[in-house]
Amino acid sequence: MIGTTLQRMIFWELARVFLLALVALSGLFLLGGVVQEASQRGLTPSQIFYVVPLLIPNTLPYTVPATVLFACCIVYGRMAHDHEITALRAAGVHLGRLLAPAVVLSVLVTAGLTSLQHDVIPRTRQMLADRVLHDADELVCGMLKRHGCLKLPDYSVFVREVRGKVFIDPIVKQRSKDGYSVIAHAKEARLIGTDLVNEKISIFMPHCTIIGDDAKGNGSVQNETFPIAFQSGALKDTAVRPMNMTRQQIAAKWDDLRAIREQRQDKLDEIHQQLAAGNPEREYLTMLQRDNEFHIKETYRVERALRAESHLRPAIALGGLFFALMAVPVGIRFHRADYLSTFVSCFLPVVMIYYPLLLAGTNFAREGRLPAISVWIADIAAGIAGTYMLRRLFRR
C-alpha cells in the first residue's frame, strides 16, 4: 500500500506522466490506424468518424505497457537526477518503499487492461469488422484462408490453402435434401470473381473429379466453372476470430468445438467400418473420410488458437508490471542522462527481446509446436530481468 505522503506524491506524479504519455501515444497509434484503414478500404468521412472511437480501445494493449515503462523511467530518473533518491537513502528510506507506487500503478493498470480485454476490446473489434467495408473477392478469399471453408445455403467450399485467388486442394459441394448432390474435387482452382448483383461466386477448376447424382457428370472433367449462388448477406464473416471474442464467446466456442469433434469422429468411425466391410462406393466414402478428417483437424487448430488467445491477453496486461520493475532501476542508474535517452535505453531491449519472444511463443502455441503456456516466455524473461536489476540496485 502507499500509505505515506512520499509514496502518494510519487504515485500521483507517476499517474500524471502515465496519463499524458498514454494520450499522446494512443493518438499516434490512432492516427496511424485511421490512415491505414482509410487508404486500404477507401473509407468515407462518415466511416472514418465511426472508426475512430472503435480504434481507441484496440490501441490500449500496445500503448499501456509502454506508457508504464515511460512513466517509471521519467519519474524515477528525475528523482535520481535531482538527488532526491540520495537524500532519501541518507535519511534511512529503503528503496523498496520507493518502488511501491510504481508497483501499485502497474497493478491497477494491469487489472484495468485485463478487464477491458475480456469484453470491451473484443466487442469494439467485432463492431469495427462489421462496419468497415471489404472487397467482395477479398472477403471470400479471407474467409477461406482463415477458416478453410465457406458454408452457404446451397453450397460448401473447402480448401487446404489459399494463395491470392488460387485455392489449393479445393472441394465444392452442392447440397440436396438427402445430403450432397454434387461433390467436385481438384488439386487447384481459381476464384474468377464475386458478382454481388447476381449473387454468384465463380470458381474455375482446370482439372477436377466430380461425383454426383447425374451419371454424365461423374468422373474427370476439364475446365469446369462452378457458379456458386449465395443469398444477400450470406458472405458476412460470422465466424469471429479468437482475438475478437469475449471471454464468454471463447468458452462457448470451446464447447462447440468439442461437440463438433465428437460428431465428426463418430461419422469417421462409421466410414471406417463401411470401408472395412468392402462398401462398393469406396471413392465416395474416401472423400467423406477426408472431409471429416479435415473438420477434426480444424477443430484442433481453432482450439489451439483459442487457448493461445486466453493466455495472450493476461500476458500482455501483466507486461506493464514487469516493465515497471525494469524501468525503476534503469531510471535511477541513468540519472545523468536526459529523460529520452533513459527511456530509449530501457525500451530498446523490450522491443528487441520481449515482443519477439511474445510473438514467437504465441505463434508456436497456435501451431501446436509448443504448449499454450509458451506465451508467457516473454513475461518470464522480463520478470527475471527486472528482479535481477532490482537486486543489483538494492545492493548498491
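Buried means under 20% relative accessible area, exposed means over 50%, and partly exposed lies in between, using a 1.4 Å probe and protein chains only. Keep those cut-offs in mind for the tour.

This is a predicted model, in which local features need pLDDT of at least 70 and side-chain atom pairs count only at pLDDT 80 or more, while totals for chains, interfaces and linings use all residues. Residues are numbered from 1 along each chain as its sequence is written, and side-chain values use heavy atoms, with hydrogens and water left out.

**Stop 1: the whole chain**

Show the protein chain as a cartoon. There are 10 helices and 9 strands. These are DSSP runs numbered from the N terminus: helices are H or I with at least four residues, strands are E with at least two. The chain has 396 residues, and buried residues make up 45% of them.

Accessible areas come from the Shrake-Rupley method with a 1.4 Å probe; for residues, only the protein chains shown count as cover.

Contacts come next. A contact means heavy atoms within 4.5 Å. Take the contacts between residues at least 6 apart in sequence: 67% of them join residues at least 24 apart.

**Stop 2: strand 9**

Select residues 219-229, which make up strand 9. Pick Phe-226, which lies in this strand. Is Phe-226 buried or exposed? Phe-226 is buried, because its relative accessible area is 10%. Which residues does Phe-226 touch, not counting those up to four places away in sequence? They are Val-172, Ala-184, Ile-201, Ser-202, Ile-203, Met-205, Cys-208 and Ile-210. Draw a distance from Phe-226 to Ile-203. Their C-alpha atoms are separated by 5.2 Å, though the two residues are 23 apart along the chain.

Stay in strand 9 and click Asn-223. Asn-223 is exposed, with a relative accessible area of 53%. Its phi is near 50°, a positive value in a residue other than glycine. Most residues other than glycine have a negative phi.

**Stop 3: a loop residue**

Go to His-83, in the loop between helix 2 (45-81) and helix 3 (84-90). Phi of His-83 is near 65°, again positive in a residue other than glycine. His-83 is exposed, with a relative accessible area of 52%.

**Stop 4: salt bridges**

Side chains of opposite charge can pair when their charged atoms come close. A salt bridge here is a side-chain nitrogen of Lys or Arg within 4 Å of a carboxyl oxygen of Asp or Glu. How many salt bridges does the structure hold? It holds 15.

Select Glu-161 and Arg-163. They form a salt bridge, with the closest N and O atoms 3.2 Å apart. Glu-161 is partly exposed, at 30% relative accessible area.

Next, select Asp-291 and Arg-264. Their closest N and O atoms are 3.5 Å apart in a salt bridge. This pair links distant parts of the chain: Asp-291 is in helix 8 (residues 282-333) and Arg-264 in helix 7 (residues 247-276), 27 residues apart. Both Asp-291 and Arg-264 are buried.

Now find Glu-309 and Arg-313. Their side chains meet in a salt bridge of 2.9 Å, N to O. Both lie in helix 8, 4 residues apart, about one turn of the helix. Elsewhere, salt bridges that share partners join Glu-13, Arg-78, Asp-82 and Glu-84 into one network.

**Stop 5: helix 10**

Select residues 377-395, which are helix 10. At 1.5 Å a residue, its 19 residues should span 27 Å, and its end C-alpha atoms are 27 Å apart, which agrees. The expected span is 1.5 Å times one less than the number of residues.

Colour the buried residues: Ala-378, Asp-379, Ala-382, Gly-383, Gly-386, Leu-390 and Leu-393. Look down the axis of helix 10: these residues fall within an arc of 130°, so they line one face. The arc is that of the directions from the helix axis to the C-beta atoms. The face turned away from the buried side carries the exposed residues Ile-380, Ile-384, Tyr-388 and Arg-395.

**Stop 6: a nonpolar patch**

Finish on the surface. Val-344, Leu-348, Val-351, Met-352, Ile-353, Leu-357, Leu-370 and Ile-377 form a nonpolar patch with about 650 Å² of accessible area together. Patches are made of residues with over 30% relative accessible area and no salt bridge; like charges are joined within 9 Å, and nonpolar side chains (Val, Leu, Ile, Met, Phe, Trp, Tyr) within 5 Å. Helix 9 (residues 339-367) gives the most, with 6 residues. Leu-370 sits in the loop between helix 9 and helix 10, and is partly exposed at 35%.
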